[in-house]
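Keep the structure open beside the text and follow each stop in turn.

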Amino acid sequence: MRVQAQIEIAAPRAAVWEFVIDPERYLHFMAGMTRWEVACDRATGLGARYRTLMRVGSAEIGGLVEVVEWDDECDLAWSSVTGVDQRGRWRLRTGAYGPESTRVELRLAYGVAGSGVLGWLAEVVAAPTVRGHLRRSLQQLKRQVEHEQLRRQAAARRSGGVSASSASRSSGSPRRTNGS
Amino acid sequence: MGATATRNGHSENPVGDGRLRRDDESPSPPSLPGRLARALAGQVTRRIPPADLDERDPDYIRESLPRLWLLSSLYFRGEVRGLGNIPEHGPVLLVGNHSGGNLTPDTTVFTLAFSAYFGVERPFYQLAHNLVLSWPGLGFLRKFGTVAASPGNAEKALRSGAAVLVYPGGDHEVHRPSWESDRVDFAGRRGFIRLALEHDVPIVPIVAIGGQETALFLSRGEGLSRLLGLDRLLRLKVLPISLAAPWGLNVGDFLGHLPLPAKITLEALPAIRLRDEFGPDPDVDEAYDYVVRVMQETLDALAEERRLPIIG
(Lines give C-alpha, C1' and ligand atoms only; values in the text may rest on other atoms or scores of the structure.)
Protein backbone atom coordinates (compact mmCIF):
# COMPACT_ATOMS: atom_id res chain seq x y z
CA MET A 1 0.00 0.00 0.00
CA ARG A 2 1.36 3.42 -0.93
CA VAL A 3 0.16 6.58 0.72
CA GLN A 4 1.37 10.09 0.07
CA ALA A 5 0.78 13.69 0.96
CA GLN A 6 2.10 16.96 -0.38
CA ILE A 7 2.29 20.57 0.63
CA GLU A 8 3.65 23.90 -0.59
CA ILE A 9 6.14 25.58 1.74
CA ALA A 10 7.13 29.24 1.48
CA ALA A 11 10.85 28.60 1.72
CA PRO A 12 13.61 27.67 -0.70
CA ARG A 13 14.45 24.00 -1.22
CA ALA A 14 17.69 24.32 0.72
CA ALA A 15 15.80 25.38 3.83
CA VAL A 16 13.40 22.43 3.61
CA TRP A 17 16.21 20.03 2.80
CA GLU A 18 18.01 21.08 5.96
CA PHE A 19 15.04 19.76 7.94
CA VAL A 20 14.41 16.50 6.12
CA ILE A 21 18.03 15.32 6.30
CA ASP A 22 18.40 15.99 10.02
CA PRO A 23 17.40 12.91 12.06
CA GLU A 24 17.24 14.96 15.25
CA ARG A 25 14.33 16.98 13.91
CA TYR A 26 12.15 14.05 12.91
CA LEU A 27 10.45 13.52 16.23
CA HIS A 28 9.60 17.23 16.28
CA PHE A 29 7.63 17.29 13.07
CA MET A 30 6.76 13.69 12.13
CA ALA A 31 3.29 12.90 13.46
CA GLY A 32 2.79 9.44 14.94
CA MET A 33 6.53 8.80 14.94
CA THR A 34 7.71 7.53 18.31
CA ARG A 35 11.28 6.76 17.33
CA TRP A 36 13.73 7.95 14.68
CA GLU A 37 17.14 7.03 16.01
CA VAL A 38 20.49 6.92 14.25
CA ALA A 39 21.50 3.26 14.13
CA CYS A 40 24.98 3.45 12.62
CA ASP A 41 28.10 5.66 12.68
CA ARG A 42 26.72 7.80 9.92
CA ALA A 43 24.00 10.19 11.08
CA THR A 44 22.99 11.40 7.64
CA GLY A 45 23.68 10.80 3.95
CA LEU A 46 23.50 7.81 1.68
CA GLY A 47 23.78 4.61 3.73
CA ALA A 48 22.70 6.19 7.00
CA ARG A 49 20.52 3.85 9.06
CA TYR A 50 17.75 4.71 11.45
CA ARG A 51 15.56 2.77 13.82
CA THR A 52 12.03 3.98 13.25
CA LEU A 53 8.68 3.38 14.89
CA MET A 54 5.30 4.84 14.03
CA ARG A 55 2.18 4.32 16.13
CA VAL A 56 -0.55 2.79 14.00
CA GLY A 57 -3.52 1.27 15.75
CA SER A 58 -2.51 -0.76 18.77
CA ALA A 59 1.17 -1.11 17.90
CA GLU A 60 4.28 0.88 17.19
CA ILE A 61 5.39 -0.39 13.82
CA GLY A 62 8.62 0.15 11.95
CA GLY A 63 12.08 -1.30 11.90
CA LEU A 64 15.57 -0.53 10.72
CA VAL A 65 15.66 1.61 7.56
CA GLU A 66 18.53 2.72 5.36
CA VAL A 67 18.85 5.78 3.14
CA VAL A 68 19.11 4.37 -0.37
CA GLU A 69 18.75 7.50 -2.51
CA TRP A 70 20.23 10.90 -1.91
CA ASP A 71 19.99 13.71 -4.42
CA ASP A 72 20.84 17.03 -2.78
CA GLU A 73 17.84 19.30 -2.24
CA CYS A 74 15.76 17.03 -4.45
CA ASP A 75 15.15 13.44 -3.33
CA LEU A 76 15.80 11.36 -0.27
CA ALA A 77 14.53 7.79 -0.14
CA TRP A 78 14.82 5.07 2.47
CA SER A 79 14.07 1.41 2.47
CA SER A 80 13.57 -1.09 5.28
CA VAL A 81 16.33 -3.46 6.30
CA THR A 82 14.36 -5.24 9.02
CA GLY A 83 10.81 -4.96 10.31
CA VAL A 84 7.77 -4.17 8.25
CA ASP A 85 8.56 -3.66 4.55
CA GLN A 86 8.61 0.05 3.87
CA ARG A 87 9.94 2.52 1.39
CA GLY A 88 9.70 6.21 2.02
CA ARG A 89 10.63 9.24 -0.03
CA TRP A 90 10.97 12.97 0.37
CA ARG A 91 10.53 14.70 -2.97
CA LEU A 92 11.38 18.39 -3.07
CA ARG A 93 10.61 20.47 -6.15
CA THR A 94 10.51 24.19 -6.85
CA GLY A 95 7.08 25.48 -5.89
CA ALA A 96 4.46 27.32 -7.87
CA TYR A 97 5.71 30.67 -6.52
CA GLY A 98 9.26 30.32 -7.78
CA PRO A 99 12.54 29.42 -6.08
CA GLU A 100 11.43 30.93 -2.78
CA SER A 101 8.81 28.21 -2.45
CA THR A 102 9.05 24.41 -2.39
CA ARG A 103 6.58 21.69 -3.21
CA VAL A 104 7.19 18.85 -0.78
CA GLU A 105 5.89 15.36 -1.28
CA LEU A 106 6.18 12.60 1.31
CA ARG A 107 5.51 9.05 0.19
CA LEU A 108 5.38 5.89 2.20
CA ALA A 109 4.85 2.41 0.79
CA TYR A 110 4.44 -0.34 3.37
CA GLY A 111 3.32 -3.91 3.80
CA VAL A 112 4.39 -7.35 4.88
CA ALA A 113 5.32 -9.67 2.04
CA GLY A 114 3.73 -13.10 2.36
CA SER A 115 0.97 -12.05 4.73
CA GLY A 116 -1.81 -12.81 2.25
CA VAL A 117 -5.31 -11.39 2.15
CA LEU A 118 -5.30 -10.40 5.81
CA GLY A 119 -2.06 -8.54 5.20
CA TRP A 120 -3.68 -6.61 2.38
CA LEU A 121 -6.71 -5.92 4.57
CA ALA A 122 -4.48 -4.64 7.38
CA GLU A 123 -2.73 -2.31 4.91
CA VAL A 124 -6.07 -0.92 3.72
CA VAL A 125 -7.37 -0.47 7.27
CA ALA A 126 -4.14 1.23 8.36
CA ALA A 127 -3.98 3.56 5.34
CA PRO A 128 -6.18 6.40 6.69
CA THR A 129 -4.13 6.53 9.88
CA VAL A 130 -0.82 6.53 8.01
CA ARG A 131 -2.09 9.13 5.54
CA GLY A 132 -3.24 11.29 8.43
CA HIS A 133 0.23 11.01 10.00
CA LEU A 134 1.86 12.08 6.72
CA ARG A 135 -0.46 15.06 6.29
CA ARG A 136 0.09 16.27 9.81
CA SER A 137 3.82 15.74 9.43
CA LEU A 138 3.90 17.98 6.37
CA GLN A 139 1.82 20.64 8.07
CA GLN A 140 4.20 20.61 11.02
CA LEU A 141 7.20 20.66 8.69
CA LYS A 142 5.75 23.68 6.85
CA ARG A 143 5.14 25.50 10.11
CA GLN A 144 8.62 24.79 11.41
CA VAL A 145 10.46 25.60 8.17
CA GLU A 146 8.54 28.83 7.59
CA HIS A 147 9.00 29.82 11.20
CA GLU A 148 12.72 29.17 10.89
CA GLN A 149 12.80 31.26 7.70
CA LEU A 150 11.09 34.17 9.42
CA ARG A 151 13.40 33.85 12.40
CA ARG A 152 16.47 33.92 10.17
CA GLN A 153 15.19 36.87 8.16
CA ALA A 154 14.48 38.76 11.35
CA ALA A 155 17.93 37.89 12.69
CA ALA A 156 19.48 39.05 9.43
CA ARG A 157 17.56 42.30 9.59
CA ARG A 158 18.65 42.81 13.17
CA SER A 159 22.27 42.07 12.49
CA GLY A 160 22.07 44.28 9.39
CA GLY A 161 20.65 47.11 11.49
CA VAL A 162 23.25 46.59 14.19
CA SER A 163 26.13 46.64 11.75
CA ALA A 164 24.74 49.72 9.99
CA SER A 165 24.31 51.64 13.24
CA SER A 166 27.71 50.58 14.56
CA ALA A 167 29.21 51.63 11.22
CA SER A 168 27.51 55.00 11.47
CA ARG A 169 28.75 55.43 15.08
CA SER A 170 32.31 54.59 14.12
CA SER A 171 32.24 57.11 11.23
CA GLY A 172 31.07 59.83 13.63
CA SER A 173 27.98 60.68 11.55
CA PRO A 174 24.83 61.70 13.45
CA ARG A 175 22.26 58.93 14.20
CA ARG A 176 19.34 59.04 11.89
CA THR A 177 15.97 57.75 12.87
CA ASN A 178 12.78 57.50 10.93
CA GLY A 179 11.07 60.84 10.74
CA SER A 180 14.10 62.77 11.79
CA MET B 1 6.24 -39.91 30.20
CA GLY B 2 9.79 -39.77 31.45
CA ALA B 3 11.46 -39.16 28.11
CA THR B 4 8.93 -36.59 27.01
CA ALA B 5 9.04 -34.83 30.34
CA THR B 6 12.80 -34.63 30.26
CA ARG B 7 12.78 -33.37 26.69
CA ASN B 8 10.39 -30.66 27.79
CA GLY B 9 12.51 -29.53 30.63
CA HIS B 10 10.17 -31.00 33.24
CA SER B 11 11.24 -33.19 36.08
CA GLU B 12 10.27 -36.85 36.01
CA ASN B 13 7.53 -36.18 38.56
CA PRO B 14 6.18 -32.87 37.46
CA VAL B 15 2.53 -33.13 38.31
CA GLY B 16 0.47 -33.14 41.42
CA ASP B 17 1.76 -31.82 44.68
CA GLY B 18 5.13 -33.49 44.39
CA ARG B 19 4.47 -35.99 47.21
CA LEU B 20 5.48 -39.60 46.80
CA ARG B 21 2.85 -42.18 47.68
CA ARG B 22 3.74 -44.37 50.60
CA ASP B 23 3.69 -48.10 50.06
CA ASP B 24 0.98 -48.60 52.67
CA GLU B 25 -1.30 -46.17 50.88
CA SER B 26 -3.56 -48.27 48.73
CA PRO B 27 -4.69 -46.57 45.57
CA SER B 28 -8.42 -46.22 45.37
CA PRO B 29 -9.97 -47.75 42.26
CA PRO B 30 -10.32 -45.02 39.66
CA SER B 31 -13.79 -43.78 38.93
CA LEU B 32 -15.04 -43.40 35.34
CA PRO B 33 -14.26 -39.67 35.25
CA GLY B 34 -10.90 -40.49 36.79
CA ARG B 35 -10.17 -43.07 34.08
CA LEU B 36 -11.22 -40.61 31.40
CA ALA B 37 -8.99 -37.97 32.90
CA ARG B 38 -6.11 -40.46 33.04
CA ALA B 39 -6.61 -41.32 29.38
CA LEU B 40 -6.71 -37.64 28.50
CA ALA B 41 -3.56 -37.08 30.53
CA GLY B 42 -1.83 -39.77 28.50
CA GLN B 43 -2.88 -38.07 25.29
CA VAL B 44 -1.72 -34.69 26.52
CA THR B 45 1.63 -36.04 27.65
CA ARG B 46 2.23 -37.70 24.32
CA ARG B 47 1.32 -34.55 22.47
CA ILE B 48 3.55 -32.14 24.38
CA PRO B 49 6.21 -31.22 21.86
CA PRO B 50 9.86 -31.35 22.84
CA ALA B 51 11.14 -27.98 24.00
CA ASP B 52 13.09 -26.76 21.04
CA LEU B 53 13.80 -23.05 20.97
CA ASP B 54 14.61 -23.37 17.29
CA GLU B 55 10.95 -23.95 16.53
CA ARG B 56 10.39 -20.23 16.85
CA ASP B 57 10.04 -18.92 13.31
CA PRO B 58 10.66 -15.18 12.82
CA ASP B 59 9.36 -15.25 9.24
CA TYR B 60 6.12 -16.83 10.37
CA ILE B 61 5.74 -14.24 13.14
CA ARG B 62 6.44 -11.44 10.71
CA GLU B 63 3.85 -12.71 8.25
CA SER B 64 1.36 -13.06 11.11
CA LEU B 65 1.78 -9.49 12.32
CA PRO B 66 -0.92 -8.02 10.05
CA ARG B 67 -3.62 -10.42 11.27
CA LEU B 68 -2.53 -9.92 14.87
CA TRP B 69 -2.65 -6.19 14.23
CA LEU B 70 -6.20 -6.42 12.87
CA LEU B 71 -7.33 -8.47 15.86
CA SER B 72 -5.53 -6.32 18.36
CA SER B 73 -6.37 -2.92 16.89
CA LEU B 74 -9.92 -3.42 15.63
CA TYR B 75 -11.38 -6.09 17.90
CA PHE B 76 -9.62 -5.53 21.22
CA ARG B 77 -8.67 -1.87 20.67
CA GLY B 78 -5.38 -2.77 22.28
CA GLU B 79 -3.31 -0.11 23.96
CA VAL B 80 0.22 -0.91 25.05
CA ARG B 81 2.24 1.52 27.10
CA GLY B 82 5.79 1.64 28.36
CA LEU B 83 7.52 -0.74 25.97
CA GLY B 84 10.53 1.55 26.28
CA ASN B 85 10.91 0.20 29.83
CA ILE B 86 11.97 -3.17 28.47
CA PRO B 87 15.76 -3.33 28.11
CA GLU B 88 16.72 -3.11 24.44
CA HIS B 89 19.07 -6.06 24.54
CA GLY B 90 19.80 -9.15 26.56
CA PRO B 91 17.72 -11.58 28.56
CA VAL B 92 14.76 -10.26 30.46
CA LEU B 93 11.93 -11.89 32.36
CA LEU B 94 8.58 -10.35 31.46
CA VAL B 95 6.14 -11.12 34.23
CA GLY B 96 2.48 -10.64 33.43
CA ASN B 97 -0.87 -10.97 35.11
CA HIS B 98 -3.02 -13.28 33.08
CA SER B 99 -6.64 -12.87 32.03
CA GLY B 100 -9.24 -14.07 29.57
CA GLY B 101 -9.70 -17.79 30.16
CA ASN B 102 -8.09 -20.21 27.75
CA LEU B 103 -8.11 -17.54 25.04
CA THR B 104 -5.85 -14.88 26.42
CA PRO B 105 -6.21 -11.64 24.47
CA ASP B 106 -3.55 -9.92 26.57
CA THR B 107 -0.95 -12.34 25.21
CA THR B 108 -2.06 -11.66 21.63
CA VAL B 109 -1.91 -7.90 22.09
CA PHE B 110 1.45 -8.06 23.84
CA THR B 111 3.03 -10.45 21.34
CA LEU B 112 2.12 -8.09 18.51
CA ALA B 113 3.35 -5.04 20.39
CA PHE B 114 6.65 -6.67 21.40
CA SER B 115 7.35 -8.12 17.95
CA ALA B 116 6.53 -4.85 16.18
CA TYR B 117 8.50 -2.73 18.64
CA PHE B 118 11.67 -4.79 18.93
CA GLY B 119 11.43 -6.63 15.63
CA VAL B 120 10.75 -10.31 15.11
CA GLU B 121 14.51 -10.85 15.09
CA ARG B 122 14.68 -10.41 18.84
CA PRO B 123 14.22 -13.83 20.45
CA PHE B 124 11.04 -13.86 22.51
CA TYR B 125 9.54 -16.92 24.18
CA GLN B 126 6.32 -17.38 26.08
CA LEU B 127 5.86 -20.06 28.69
CA ALA B 128 2.51 -21.82 28.42
CA HIS B 129 0.61 -24.59 30.13
CA ASN B 130 1.21 -28.11 28.81
CA LEU B 131 -2.42 -28.34 27.78
CA VAL B 132 -2.10 -25.29 25.52
CA LEU B 133 0.85 -26.79 23.68
CA SER B 134 -0.70 -30.21 23.32
CA TRP B 135 -4.13 -29.04 22.23
CA PRO B 136 -4.95 -29.97 18.62
CA GLY B 137 -4.73 -27.03 16.24
CA LEU B 138 -2.52 -24.91 18.46
CA GLY B 139 0.79 -26.17 17.08
CA PHE B 140 1.30 -22.79 15.41
CA LEU B 141 1.98 -21.29 18.84
CA ARG B 142 5.37 -22.99 18.86
CA LYS B 143 6.33 -20.89 15.84
CA PHE B 144 5.61 -17.82 17.94
CA GLY B 145 8.07 -19.09 20.52
CA THR B 146 5.65 -20.69 22.96
CA VAL B 147 7.24 -23.44 25.02
CA ALA B 148 6.00 -25.54 27.93
CA ALA B 149 6.15 -23.68 31.22
CA SER B 150 8.95 -25.25 33.21
CA PRO B 151 12.07 -24.01 34.97
CA GLY B 152 14.17 -25.95 32.46
CA ASN B 153 12.66 -24.21 29.45
CA ALA B 154 12.80 -20.80 31.06
CA GLU B 155 16.46 -21.38 31.90
CA LYS B 156 17.24 -22.49 28.37
CA ALA B 157 15.54 -19.44 26.90
CA LEU B 158 17.17 -16.96 29.28
CA ARG B 159 20.59 -18.51 28.71
CA SER B 160 20.10 -17.94 25.00
CA GLY B 161 19.67 -14.22 25.74
CA ALA B 162 15.95 -14.13 24.97
CA ALA B 163 13.07 -12.20 26.46
CA VAL B 164 10.82 -14.66 28.28
CA LEU B 165 7.17 -13.97 29.05
CA VAL B 166 5.86 -15.80 32.07
CA TYR B 167 2.48 -15.72 33.77
CA PRO B 168 3.08 -16.95 37.32
CA GLY B 169 -0.66 -16.97 38.06
CA GLY B 170 -1.23 -19.35 35.14
CA ASP B 171 -4.48 -21.30 35.12
CA HIS B 172 -5.32 -20.10 38.64
CA GLU B 173 -5.31 -16.44 37.66
CA VAL B 174 -6.61 -16.67 34.13
CA HIS B 175 -9.89 -18.21 35.28
CA ARG B 176 -10.51 -15.96 38.27
CA PRO B 177 -14.06 -14.60 38.48
CA SER B 178 -14.74 -11.52 36.40
CA TRP B 179 -15.41 -9.44 39.50
CA GLU B 180 -11.77 -10.02 40.50
CA SER B 181 -10.62 -8.56 37.19
CA ASP B 182 -8.58 -5.86 38.91
CA ARG B 183 -6.67 -8.25 41.14
CA VAL B 184 -3.17 -9.64 40.58
CA ASP B 185 -3.33 -13.23 41.84
CA PHE B 186 -0.18 -15.30 41.46
CA ALA B 187 -1.37 -17.78 44.09
CA GLY B 188 1.92 -17.37 45.90
CA ARG B 189 3.96 -18.84 43.01
CA ARG B 190 7.44 -17.48 43.54
CA GLY B 191 9.31 -19.46 40.89
CA PHE B 192 9.79 -16.41 38.71
CA ILE B 193 11.67 -14.61 41.49
CA ARG B 194 14.05 -17.55 41.91
CA LEU B 195 14.49 -17.72 38.15
CA ALA B 196 15.36 -14.02 37.92
CA LEU B 197 17.83 -14.35 40.79
CA GLU B 198 19.43 -17.48 39.46
CA HIS B 199 20.08 -15.93 36.07
CA ASP B 200 20.50 -12.40 37.35
CA VAL B 201 18.06 -11.00 34.81
CA PRO B 202 15.79 -7.97 35.24
CA ILE B 203 12.08 -8.45 35.77
CA VAL B 204 9.76 -6.24 33.74
CA PRO B 205 6.19 -6.44 35.05
CA ILE B 206 3.54 -6.37 32.34
CA VAL B 207 0.20 -5.36 33.77
CA ALA B 208 -2.94 -5.96 31.73
CA ILE B 209 -6.61 -5.24 32.17
CA GLY B 210 -9.66 -6.10 30.09
CA GLY B 211 -9.12 -9.80 29.46
CA GLN B 212 -11.44 -10.87 32.25
CA GLU B 213 -14.26 -8.94 30.57
CA THR B 214 -14.18 -11.10 27.43
CA ALA B 215 -16.63 -13.50 29.13
CA LEU B 216 -18.41 -13.71 32.46
CA PHE B 217 -16.08 -15.93 34.47
CA LEU B 218 -18.00 -17.37 37.41
CA SER B 219 -15.72 -19.82 39.19
CA ARG B 220 -12.38 -21.54 38.88
CA GLY B 221 -14.05 -24.82 39.69
CA GLU B 222 -11.13 -25.98 41.81
CA GLY B 223 -13.28 -28.48 43.71
CA LEU B 224 -14.52 -30.01 40.47
CA SER B 225 -10.97 -30.33 39.19
CA ARG B 226 -9.87 -32.09 42.38
CA LEU B 227 -12.86 -34.39 42.23
CA LEU B 228 -11.93 -35.49 38.70
CA GLY B 229 -8.26 -35.76 39.53
CA LEU B 230 -7.28 -33.23 36.87
CA ASP B 231 -4.92 -31.47 39.26
CA ARG B 232 -2.73 -34.57 39.54
CA LEU B 233 -3.02 -35.78 35.98
CA LEU B 234 -2.95 -32.64 33.85
CA ARG B 235 -1.51 -30.06 36.24
CA LEU B 236 -4.98 -28.50 35.99
CA LYS B 237 -5.84 -27.04 39.34
CA VAL B 238 -9.04 -25.57 37.93
CA LEU B 239 -12.04 -26.53 35.83
CA PRO B 240 -13.47 -23.11 35.13
CA ILE B 241 -17.11 -22.29 34.81
CA SER B 242 -18.15 -19.26 32.82
CA LEU B 243 -20.89 -17.77 30.70
CA ALA B 244 -19.33 -17.29 27.30
CA ALA B 245 -20.34 -17.01 23.66
CA PRO B 246 -21.35 -19.11 21.82
CA TRP B 247 -21.82 -21.86 24.43
CA GLY B 248 -23.73 -20.11 27.17
CA LEU B 249 -22.67 -22.11 30.21
CA ASN B 250 -19.07 -23.07 29.53
CA VAL B 251 -17.42 -25.68 31.74
CA GLY B 252 -13.71 -26.22 31.27
CA ASP B 253 -13.34 -23.77 28.37
CA PHE B 254 -11.56 -26.60 26.53
CA LEU B 255 -13.01 -25.57 23.19
CA GLY B 256 -12.36 -21.94 23.86
CA HIS B 257 -15.04 -19.36 23.39
CA LEU B 258 -15.79 -16.30 21.35
CA PRO B 259 -14.28 -13.51 23.42
CA LEU B 260 -16.24 -10.32 23.79
CA PRO B 261 -14.45 -7.34 22.26
CA ALA B 262 -13.26 -5.86 25.52
CA LYS B 263 -10.66 -3.12 25.36
CA ILE B 264 -7.28 -4.52 26.40
CA THR B 265 -4.80 -2.16 28.01
CA LEU B 266 -1.27 -3.20 28.93
CA GLU B 267 1.48 -1.36 30.65
CA ALA B 268 5.13 -2.40 30.88
CA LEU B 269 6.65 -1.09 34.09
CA PRO B 270 10.26 -0.06 34.69
CA ALA B 271 12.65 -2.99 34.98
CA ILE B 272 13.23 -4.36 38.48
CA ARG B 273 16.76 -5.56 39.17
CA LEU B 274 16.31 -7.58 42.31
CA ARG B 275 19.89 -7.34 43.56
CA ASP B 276 19.87 -3.57 43.05
CA GLU B 277 16.63 -3.32 45.01
CA PHE B 278 17.23 -5.87 47.76
CA GLY B 279 20.98 -6.33 48.03
CA PRO B 280 23.24 -9.19 46.94
CA ASP B 281 21.13 -11.92 48.57
CA PRO B 282 17.47 -10.90 48.25
CA ASP B 283 14.75 -12.53 50.25
CA VAL B 284 12.45 -14.32 47.82
CA ASP B 285 9.28 -13.55 49.78
CA GLU B 286 10.14 -9.88 50.10
CA ALA B 287 10.95 -9.61 46.39
CA TYR B 288 7.74 -11.44 45.49
CA ASP B 289 5.66 -9.12 47.64
CA TYR B 290 7.34 -6.11 46.09
CA VAL B 291 6.71 -7.21 42.49
CA VAL B 292 3.10 -8.12 43.20
CA ARG B 293 2.52 -4.83 45.02
CA VAL B 294 3.96 -2.77 42.17
CA MET B 295 1.80 -4.66 39.69
CA GLN B 296 -1.31 -4.36 41.84
CA GLU B 297 -0.85 -0.60 42.19
CA THR B 298 -0.60 -0.27 38.41
CA LEU B 299 -3.62 -2.51 37.91
CA ASP B 300 -5.58 -0.35 40.35
CA ALA B 301 -4.66 2.73 38.33
CA LEU B 302 -5.66 1.03 35.07
CA ALA B 303 -8.95 -0.07 36.65
CA GLU B 304 -9.59 3.52 37.74
CA GLU B 305 -9.23 4.64 34.11
CA ARG B 306 -11.93 2.27 32.90
CA ARG B 307 -15.36 3.78 32.76
CA LEU B 308 -17.40 0.79 31.59
CA PRO B 309 -16.76 -2.95 31.31
CA ILE B 310 -15.85 -4.14 27.80
CA ILE B 311 -15.98 -0.60 26.39
CA GLY B 312 -13.01 0.40 28.50
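This is a predicted model: local features need pLDDT of at least 70, side-chain atom pairs count only at pLDDT 80 or more; totals for chains, interfaces and linings use all residues.

Two strands count as paired if DSSP finds at least two bridges between them.

Across the pair, Leu243(B) stands opposite Leu249(B). Ala244(B) has Gly248(B) as its bridge partner in S9(B). How many residues does the hairpin from S8(B) to S9(B) pass through? The hairpin joins the two strands through three residues.

Next comes the nonpolar interior. In soluble globular proteins, nonpolar side chains tend to be buried together. In this model, the largest nonpolar core holds 98 residues. Which of its members touch the most others? They are Leu93(B), Leu94(B), Ala113(B), Val164(B), Val166(B) and Ile206(B). Helix H4 of chain B, residues 105–118, gives the most to this core, with eight residues.

Leaving out residues up to four places away in sequence, Val166(B) touches Leu93(B), Leu94(B), Val95(B), Leu127(B), Ala154(B) and Phe192(B).

Phe192(B) leads on to a helix. Helix H8 of chain B spans residues 191–199, and its buried residues are Phe192(B), Ile193(B), Leu195(B) and Ala196(B). Why do they line one face? Seen down the axis of H8(B), these buried residues fall within an arc of 160°, so they line one face of the helix. An α-helix has 3.6 residues a turn, so residues three or four places apart point the same way. What do the buried residues of H8(B) pack against? Their partners in chain B are strand S2 (92–96), helix H6 (151–159), strand S5 (163–166), strand S6 (203–209), helix H11 (274–278) and helix H12 (284–305). After H8(B) comes Asp200(B), with a positive phi near 50°.

Turn to chain A. This chain has three helices and seven strands. Along the sequence, they follow the pattern β-α-α-β-β-β-β-β-β-α. Chain A has 180 residues, and 27% of them are buried. Of the contacts in chain A with a separation of 6 or more, 48% are between residues 24 or more positions apart.

Last, see where the chains meet. The contact takes 17 residues from chain A and 22 residues from chain B. On the chain A side, strand S4 (59–71) and helix H3 (116–170) each supply at least two residues. The largest share of that side comes from H3(A), with five residues. By class, the chain A side has eight nonpolar, eight polar and one charged residues.

Terms used: Residues are numbered from 1 along each chain as its sequence is written. Chains are lettered from A and ligands numbered from 1 in the order in which they are written. Helices (H or I, at least four residues) and strands (E, at least two) are DSSP runs, numbered from the N terminus. A nonpolar core is a set of buried Ala, Val, Leu, Ile, Met, Phe, Trp, Tyr and Cys residues joined through C-beta atoms within 7 Å. A residue is buried if 20 or more other C-beta atoms lie within 10 Å of its own, exposed if 12 or fewer, and partly exposed in between; C-beta atoms are placed from the backbone. Two residues are in contact if their C-beta atoms, placed from the backbone, lie within 7 Å. Ala, Val, Leu, Ile, Met, Phe, Trp, Tyr, Cys and Pro count as nonpolar, Asp, Glu, Lys and Arg as charged, and the others, Gly among them, as polar. The arc is that of the directions from the helix axis to the C-beta atoms.
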